[in-house]
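Subject: Structure handover

Hello,

Notes on what turned up in it follow below.

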Amino acid sequence: MGQLSFFSAETEEPAYSDLAGLLAAHGQAVRSDSGTRVSIVVRDRWRAEQIVVEMQASGLNSEVTTSDEGTPLARTASCHELDALHSAWSAGAVKAMPAGWIPSYRALRLWVIASGHSDVGRYQLGLDPHAPDTHAALATALMRVGIAPTLVGTRGNSPALRIAGHRRLVRLHEYVGPPPVAAAAPDWPPADVH
């Protein structure tokens, strides 16, 4: 009989700060008089739908819509509850990872949903090509949770943190839990790596 597995992301209560996982990817937080809106354009509809599920679990009004280019877009309504997140992840008008940030289980799950994909026995977490100063800091943030990545693709439009090795991949899967929907399975960290 196998041992029951409790995934870390399933044991945490949802919080506004979890949306930092979208900002670790290529998400944006924009502040206005009516508050902060967090949004992210993703390549697959399932990603946008699952991001909205996570946003709503945190108590935020949110929706799936379409970007000007016709790509799925997940976004919150503007609200002051996200102002602290915007402040923490901004240095003036530029996105910046807060010093010492450690991704929560749910933040890491959102990062995987937003920009994760399999890479021939390895796994990649996408980064924001427009925020290159965050890349090394985000690699360090992953190391803080015991997942040592390699920074790849920095010369192109697809920078990412590559995770390789049995232990690291298993640890990532333990953190983020099972895929949210069947469509996610090909792009999800594997549960068992050979």
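The largest cavity has a volume of about 40 Å³. A cavity here is a set of points on a 1 Å grid over the protein atoms alone where a 1.4 Å probe fits but cannot get out; grid points are joined across faces, edges and corners, and the volume is the space filled by probe spheres set on the points. The structure holds one cavity of 30 Å³ or more.

This is a predicted model, in which local features need pLDDT of at least 70 and side-chain atom pairs count only at pLDDT 80 or more, while totals for chains, interfaces and linings use all residues. Residues are numbered from 1 along each chain as its sequence is written, and side-chain values use heavy atoms, with hydrogens and water left out.

Cavity lining

The lining of the largest cavity consists of Pro 14, Asp 18, Leu 19, Glu 54, Met 55, Ser 58, Arg 106 and Leu 110, where a lining residue has an atom within 4 Å of a point. By class, four of these are nonpolar, one is polar and three are charged; the nonpolar class is Ala, Val, Leu, Ile, Met, Phe, Trp, Tyr, Cys and Pro, the charged class is Asp, Glu, Lys and Arg, and the others, Gly among them, are polar. Helices α2 (45-57) and α4 (105-115) each supply at least two residues of this lining. Helices (H or I, at least four residues) and strands (E, at least two) are DSSP runs, numbered from the N terminus.

Sheet

An open sheet is formed by four strands in the order β7-β8-β10-β9, with antiparallel pairing; two strands pair if DSSP finds at least two bridges between them. At the edges are β7 (116-119) and β9 (150-152), each of which pairs on one side only.

β8 (residues 122-126) pairs with β10 (residues 160-163) in the antiparallel sense over four bridges. Across this pair, Leu 125 stands opposite Leu 161, and Gln 124 stands opposite Arg 162. On burial, four of the five residues of β8 are buried, meaning under 20% relative accessible area with a 1.4 Å probe, protein chains only.

β7 and β8 also pair in the antiparallel sense over four bridges, with Asp 119 opposite Arg 122. Their hairpin has two residues between the strands, and Val 120 there takes a positive phi near 45°.

Regards

How values were computed:
1 Å grid on protein atoms, 1.4 Å probe; cavity = no way out; pocket = protein on both sides within 12 Å on 5 of 7 lines; lining within 4 Å. Buried < 20%, exposed > 50% of the residue type's maximum accessible area, 1.4 Å probe, protein only.
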